[in-house]
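The text is meant to be read alongside the structure.

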Amino acid sequence: MSTLSQKLPAPAEALAPQGEPTPPVLSVRDVRIGDRAGDREIVHGVGFDLTPGRTVGIVGESGSGKTLTCRAALGILPAHFEVTGGSIELDGRDITGLTPAQWTELRGSTISAVFQDPASYLNPSIKVGAQVAEVVRVKKGAKRRAARHEAIELLRAVHLRDPELVYGQYPHELSGGMLQRVLIAAAIAAGPRVLIADEATTALDVTVQAEILDLLADLRERTGLALVVVSHDLAVVAQLCDEVLVMRQGRVVERGPTHEVLHHPRHAYTRLLIDEHEQYGLDKFLTPQEDV
């Protein structure tokens with residue numbers, strides 16, 4: 001068993017008795033999010049279930065509510081936003097009413113996230129390996145030497161060449177794709193069951209984006225990590241996601257298996273998104289589906 005496999009949860013089939021459905025690790029049920037500053041509701045009843053080893057994609061235009069929904073699941077809504085209805089359950093536990101201390105304990109160890117601009121989430125004056133090792137020390141109580149060893153193994157697990165060298169480098173010495181891999185290493189350091197990737201490949205060129213998507217798929221398949229992928233790029237969703245939610249103006253206008261939604265869209269907005277993306281090569285990910 002690899003070092004990474006030892007750190008992360010078992011694959012989905014090992015988490016439930018044979019023949020029984022695997023319980024969702026993340027359940028978002030009719031979630032509503034309000035803006036106290038404007039006294040208005042921004043997200044209107046979003047819901048989905050996510051089981052280990054599966055990937056849910058959330059797509060939509062800027063301001064559609066997709067990022068707010070994920071931030072609610074992470075307990076990091078902006079100060080004047082709040083969950084006003086519905087529930088969010090992580091491993092069967094309703095997390096919408098947790099205290100700040102409880103959220104701090106939960107984030108990283110059960111649910112984690114990777115965002116769009118990796119450089120803004122790393123301290124420029126501290127070597128990247130030390131920052132990953134600090135997560136291991138804080139979340140797992142490891143001693144300094146053990147944390148360093150584990151951090152190097154994590155950098156190796158996210159397919160960084162020469163992880164010992166990368167460990168000793170500063171953020172400005174790494175490319176955007178390398179920085180995103182470092183952030184993924186930090187995000188999985190404490191063995192979370194859910195990873196939210198919020199526009200995690202948006203700022204990367206096409207080749208590096210493909211490498212990061214392959215890495216996320218590899219982590220999911222080998223460890224049972226459950227993924228939520230937030231993106232405006234339907235090609236990303238087509239590559240990685242089992243199910244997709246299409247959001248517009250705070251509402252889910254369409255949802256279903258990815259191949260079904262992208263091949264047979266029912267809502268006019270979904271069709272518009274597909275039409276807009278076809279000119280960028282979406283069609284190569286939309287392989288013909290056999291009739292059942």
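Helices (H or I, at least four residues) and strands (E, at least two) are taken here as DSSP runs, numbered from the N terminus. On that basis the protein chain has 11 helices and 10 strands. The model is a predicted one.

**Overall figures**

The chain holds 292 residues, and buried residues make up 51% of them. Its accessible surface comes to about 14,100 Å², with 49% of this area belonging to carbon and sulfur atoms. Among contacts with a separation of 6 or more, 69% join residues 24 or more positions apart.

In soluble globular proteins, nonpolar side chains tend to be buried together. In this model the largest nonpolar core has 53 residues, and the members that touch the most others are Leu-155, Val-182, Ile-184, Leu-216 and Leu-240. Apart from this core lies another, of 35 residues, which includes Val-25, Val-56, Trp-103 and Val-194. Once neighbours within four places in sequence are set aside, Leu-216 is in contact with Ile-184, Leu-195, Ala-197, Leu-227 and Leu-240.

A search of the whole structure gives 2 cavities of 30 Å³ or more.

| Space | Volume | Lining residues by class |
|---|---|---|
| Largest cavity | about 60 Å³ | 8 nonpolar, 3 polar, 1 charged |
| Second largest cavity | about 30 Å³ | 7 nonpolar, 1 polar, no charged |
| Largest pocket | about 580 Å³ | 15 nonpolar, 5 polar, 3 charged |

The lining of the largest cavity consists of Ala-197, Glu-199, Ala-200, Thr-201, Thr-202, Leu-213, Leu-216, Val-229, Val-230, Ser-231, Val-236 and Leu-240. Helix H8 (206-223), strand S8 (226-231) and helix H9 (234-240) each supply at least two residues of the lining. S8 gives the largest share, 3 residues.

The second largest cavity is lined by Val-59, Leu-234, Val-244, Val-246, Val-261, Leu-262, Thr-270 and Leu-273. At least two of its lining residues come from each of strand S9 (243-248), helix H10 (258-263) and helix H11 (268-278).

The largest pocket has a volume of about 580 Å³. It is lined by 23 residues, of which Gly-108, Ser-112, Ala-113, Val-135 and Ala-187 are the closest to its centre. Strand S6 (111-114), helix H4 (128-140) and helix H7 are the elements that give two or more residues to this lining. The largest share, 6 residues, comes from H4.

**Backbone and loop residues**

Which residues have a positive phi although they are not glycines? Asp-162 is one, with a phi of about 50 degrees, and Glu-199 is another, with a phi of about 55 degrees.

Asp-162 is found in the loop between helix H5 (144-157) and helix H6 (163-167). Its relative accessible area is 43%, so Asp-162 is partly exposed. Glu-199 lies in the loop between strand S7 (194-198) and H8. With a relative accessible area of 11%, Glu-199 falls under the 20% limit and is therefore buried.

Ser-175 occupies the loop between H6 and helix H7 (176-187). Its relative accessible area of 39% lies between the 20% and 50% limits, so Ser-175 counts as partly exposed. Ser-175 and Leu-204 are 29 residues apart in sequence, while their C-alpha atoms are 9.7 Å apart in space.

**Helix H2**

Is helix H2 (residues 66-74) mostly covered or mostly open? Helix H2 is mostly covered, with 7 of its 9 residues buried. These buried residues are Lys-66, Leu-68, Thr-69, Cys-70, Ala-72, Ala-73 and Leu-74. After H2 comes Gly-75, which has a positive phi near 70 degrees.

How values were computed. Residues numbered from 1 in each chain as written. Predicted model: local features only at pLDDT ≥ 70, side-chain atom pairs only at ≥ 80, totals over all residues. Heavy atoms only, no water. 1 Å grid on protein atoms, 1.4 Å probe; cavity = no way out; pocket = protein on both sides within 12 Å on 5 of 7 lines; lining within 4 Å. Points joined across faces, edges and corners; volume = space filled by probe spheres on them. Nonpolar A, V, L, I, M, F, W, Y, C, P; charged D, E, K, R; others polar. Buried < 20%, exposed > 50% of the residue type's maximum accessible area, 1.4 Å probe, protein only. Contact = heavy atoms within 4.5 Å. Areas by Shrake-Rupley, 256 points an atom, 1.4 Å probe, with all protein chains shown as cover. Core = buried A, V, L, I, M, F, W, Y, C linked by side-chain atoms within 4.5 Å.
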